[in-house]
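Here are some friendly notes to read alongside the model. Please keep the viewer open as you go through the points.

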Amino acid sequence: MDIYKDTPGLNLKHYSTTFSSLAFAGTVVGMLIFGLLADRIGRKFGMISATFIVFVFAALSAGAYGAGGSVGGMLAALSAYRFLIGIGIGAEYPAGAVAAAENTEDPGIKSGTQHMLVALATNTMIDWGFVISAFTPLVLLWIFGENHLRIVWRGSLALGTIPPLLVLFWRLRMHEPERFRKESMKHVGWKDYPVWLIVKRYWLRFAAISLVWFIYDFIAYPFGIYSSTITTTIIGDSAPLTTSLGWNVVINLFYMPGCIIGAVLVDRVKPRMLMTISLLLQAVFGKGTGFAMSGAYTYFATPAHIAGFTIMYGLFLSFGEMGPGNCTMILASKSSPTAFRGVFYGGAAAIGKIGALAGTWAFPAIIDRFPAGPKQDSGPFWIGSGLAVLSALITFFFIPEVSEDHMTNEDSKFREYLTANGFDVSLMGLKYEGMIESHIAKDKAEVEEVVRDASSEENDKKGTETV
């Protein structure tokens with residue numbers, strides 16, 4: 001926003017903070033609302049809604065305009081659009097991520113790849129999005145130059161409308177996951193909904209997953225500020241904008257080895273164990289959250305040793321994505337029954353995002369509480385390391401392991417539990433929708449049989465005529 005820094009009476013720092021906070025707030029709202037809607041209406045509805053919201057408000061952001069050309073009015077409009085885009089992003093978690101997880105236990109999925117497919121479809125795609133979103137303004141800056149920064153930021157937002165638009169057309173043709181059609185409680189009335197039975201059986205694992213997600217985001221998001229340490233030390237404060245954006249792309253690429261390696265390992269090691277190991281490695285070796293860096297920050301964060309600092313920072317990001325980045329999504333999506341998986345996942349993800357917001361606001365205050373000098377630089381690393389160890393302990397002792405076909409087994413156990421407690425499980429499933437699809441399939445098969453018979457008769461006739 002430096003292109004508007006000379007606007008009279010404009011507090012750019014205020015708007016920068018507002019953009020970040022509103023995006024978090026919108027995401028939390030989207031996770032909570034669409035977590036419920038994904039269970040009560042359907043995954044497909046949630047995914048289409050998420051895609052449409054992101055597309056519309058990304059387009060409006062690209063063309064944001066203040067009344068009478070007011071810069072303040074334009075930034076206020078961008079703030080509102082930021083919140084609304086956040087709702088669409090939040091909706092994607094309990095709808096899209098949950099649907100992806102549910103489809104990994106379909107009969108055609110190869111054994112030993114279920115968790116890997118969830119990781120590749122969710123966290124890996126998010127990390128690729130970080131890289132592409134960092135690379136897009138760099139390309140536009142190469143094209144238009146630093147004298148046309150308005151085109152660069154508006155063009156970056158405008159190009160962001162293309163992926164959701166393409167996905168929207170594909171999602172319109174999708175069906176609900178088979179698991180949702182079999183195990184949904186969509187037709188169970190609110191008065192009959194077994195809320196207390198659900199809470200009594202699943203509160204502990206929900207609390208554990210939510211707390212781990214909260215702690216991880218509380219650490220990961222605010223510690224992103226140390227990426228500026230790398231770029232400032234390497235390129236200085238007066239480097240061209242293209243150089244700064246280029247390093248931003250490089251730093252985002254640090255996420256990729258972790259999420260890809262984690263996806264390959266997760267079915268062999270299992271999500272809970274991989275997450276525990278990665279959190280401990282993150283605490284020991286990671287960027288600033290590692291104990292290894294806590295006492296050596298002032299040594300590494302110098303021009304002479306910045307390469308070592310960058311490697312440690314990259315290890316932190318990679319271990320984070322290999323473990324919590326991949327596994328929180330797998331554990332949250334597969335630790336509950338299909339009937340309320342959207343609410344379970346959306347609630348846990350929302351608590352995680354609240355942790356990100358809390359960490360972003362709390363860490364600057366925490367840093368200020370340390371004495372000026374080396375302790376102020378290294379102090380937050382000790383806190384981050386301790387929280388990573390705490391997360392590892394919670395994960396290992398309070399979150400059940402997720403094995404192959406875990407959702408299928410969990411749904412069966414949930415039905416048995418409900419039956420034992422007097423709930424009518426015949427209310428579960430999308431029977432009416434299933435009957436319609438069954439009739440459509442039956443009619444299609446009958447038509448194909450008629451066509452084959454007609455074709456056979458025609459061939460017999462032609463053969464007779466030839467003779």
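1. Glycine 189 is partly exposed, at a relative accessible area of 32%; on this scale buried means under 20%, exposed over 50%, and partly exposed in between, with a 1.4 Å probe and protein chains only. Its place is the loop between helix H8 (178-183) and helix H9 (195-220), where helices are DSSP runs of H or I with at least four residues, numbered from the N terminus. The C-alpha atom of glycine 189 is 9.5 Å from that of leucine 427, a residue 238 places away along the chain.

2. A word on the basis of these values. This is a predicted model, in which local features need pLDDT of at least 70 and side-chain atom pairs count only at pLDDT 80 or more, while totals for chains, interfaces and linings use all residues. Residues are numbered from 1 along each chain as its sequence is written, and side-chain values use heavy atoms, leaving out hydrogens and water.

3. Two backbone angles deserve a look, given that most residues other than glycine have a negative phi. Lysine 270 has a positive phi, near 85°, and sits in the loop between helix H12 (255-269) and helix H13 (271-285). With a relative accessible area of 26%, lysine 270 is partly exposed.

4. The other angle belongs to aspartate 405, whose phi is positive too, near 55°. This residue is in the loop between helix H18 (374-398) and helix H19 (406-420), and its relative accessibility of 32% makes it partly exposed.

5. How do H4 and H12 cross? The axes of helix H4 (residues 114-121) and H12 come within 7 Å and cross at roughly 155°; axes here are lines fitted to C-alpha atoms over the stretch in contact, and angles run from 0 to 180 degrees between N-to-C directions. The two helices are therefore roughly antiparallel, a label for angles over 145 degrees.

6. Which residues make that contact? From H4 come Gln114, His115, Met116, Ala119 and Leu120, and from H12 come Ala263, Val266 and Asp267, with contact meaning heavy atoms within 4.5 Å. Five of these residues are nonpolar, two polar and one charged; Ala, Val, Leu, Ile, Met, Phe, Trp, Tyr, Cys and Pro count as nonpolar, Asp, Glu, Lys and Arg as charged, and the others, Gly among them, as polar.

7. Is threonine 136 buried or exposed? Threonine 136, in helix H5 (residues 123-144), is buried at a relative accessible area of 18%. Leaving aside neighbours within four places in sequence, threonine 136 is in contact with Ser156 and Leu159.

How values were computed: Angles under 35 degrees count as roughly parallel, over 145 as roughly antiparallel, 65 to 115 as roughly perpendicular and the rest as oblique.
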